[in-house]
Amino acid sequence: MSAETTTDGRAGILLVDDMEDNLIALEAVLGSLNEPLVRARSGEEAMKALLRRRFALVLLDVRMPGMDGFETASNIKRLDQTKDVPIIFLTGAEDDSGYAFRGYATGAADYLTKPFDPWVLRAKVSVFLELHRKNQQLERLLARQRADYEEVTERLAALETELTDPQRSQVRELRHLLGRR
C-alpha cells in the first residue's frame with residue numbers, strides 16, 4: 001500500500017526495510033491491527049513518505065544500502081515535522097550488540113532483533129498506536145480549548161466596548177438603574 005492510497009486521515013505505520021521478505025513478514029504480523037501500512041525500501045523513501053503524511057510509528061531496519069537506519073533515524077529526529085514519531089529499530093540477531101546502544105542514542109523508542117516474536121512486535125506496536133491516538137485526542141481538546149478561549153475573549157471585548165460607549169441608550173438606562181441603588 002502506498003502513502004498516496006492511505007488518505008483516510010489515520011496515521012499509519014511506516015515499514016522501512018530493503019528486503020521484500022521482511023516487508024511481507026511485517027505486513028503479515030501487523031495486518032490484523034487494521035492500520036494503514038506503508039512500505040519504504042530505503043531511508044530516502046522513508047523520508048519522502050514521512051514528509052507526505054503523518055505516521056504513528058516507524059519500524060526501521062538498521063542495515064540498508066545507502067542511508068542506513070541510524071542515519072535515517074537521525075534525519076527523522078532532526079525535522080520538527082517528524083521528530084516526535086517513535087521509531088522501533090529492527091535488526092538481525094547477529095548484529096553487533098553496540099547497535100542497540102547506537103539505536104537508542106539516535107532516538108529509537110525500542111529495539112528488536114530478527115527473527116522477532118510476532119506477538120511481542122504486535123503488542124509493542126499496539127501500545128504506540130494507542131499513545132498516538134491519545135496524543136491526537138489531546139491535540140483536538142487543546143485546539144477546542146483555544147477556540148473557546150478566543151471566542152470568550154472576543155465576546156468580552158465586544159461587551160466592554162458596548163459598556164464603555166456613552167452613546168448607547170441601553171447603557172444609559174443600565175447606568176441609570178444602577179445609580180438608583
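The protein contains six helices and five strands, where helices (H or I, at least four residues) and strands (E, at least two) are DSSP runs numbered from the N terminus. This is a predicted model, in which local features need pLDDT of at least 70 and side-chain atom pairs count only at pLDDT 80 or more, while totals for chains, interfaces and linings use all residues. Residues are numbered from 1 along each chain as its sequence is written, and side-chain values use heavy atoms, with hydrogens and water left out.

**The whole chain**

Along the sequence, the pattern reads β-α-β-α-β-α-β-α-β-α-α. Of the 181 residues, 38% count as buried; buried means under 20% relative accessible area, exposed over 50%, and partly exposed in between, with a 1.4 Å probe and protein chains only. Among contacts (heavy atoms within 4.5 Å) between residues at least 6 apart in sequence, 62% join residues at least 24 apart.

**The aromatic cluster**

Next, select F70, F89, Y104 and Y111, which form one aromatic cluster. Rings of Phe, Tyr and Trp (its six-membered ring) pair if their centres lie within 6.5 Å; planes under 30 degrees apart count as stacked, over 60 as edge-to-face and the rest as tilted. By this rule, there are three aromatic pairs. One of them joins F70 and F89, a tilted pair at 5.4 Å centre to centre with 55° between the planes. This pair links distant parts of the chain, since F70 belongs to helix α3 (residues 69-78) and F89 to strand β4 (residues 87-92), 19 residues apart. Both F70 and F89 are buried.

Keep F89 selected and turn to Y111. The ring centres of F89 and Y111 are 6.1 Å apart and their planes stand at 50°, so this pair is tilted. It too links distant parts of the chain: F89 is in strand β4 and Y111 in strand β5 (residues 110-114), 22 residues apart. Y111 is buried, as is F89.

**Charges over rings**

Select R53 with F55, then R122 with W119. A charge sits over a ring if NZ of Lys or CZ of Arg is within 6 Å of the ring centre and within 35 degrees of the ring normal. R53 lies over the face of F55, 5.0 Å from the ring centre. The charged end of R122 is placed over the ring of W119, at 4.8 Å from its centre.

**Helices α1 and α5**

Select residues 20-30 and 118-164. These are helices α1 and α5, which pack at an angle of about 70° with their axes 9 Å apart. Axes are lines fitted to C-alpha atoms, for helices over the stretch in contact, and angles run from 0 to 180 degrees between N-to-C directions. L26, V29 and L30 in α1 meet P118, L121, R122 and V125 in α5.

Select P115, in the loop between β5 and α5. The peptide bond from K114 to P115 is cis, with omega near -5°.

Move to N34, in the loop between α1 and β2 (37-40). N34 has a positive phi of about 55° although it is not a glycine, and at 56% relative accessibility it counts as exposed.

Finish at L79, in the loop between α3 and β4. At 31% relative accessibility, L79 counts as partly exposed. L79 touches M47 and L51, not counting residues up to four places away in sequence. L79 and L51 are 28 residues apart in sequence and 9.5 Å apart in space, C-alpha to C-alpha.
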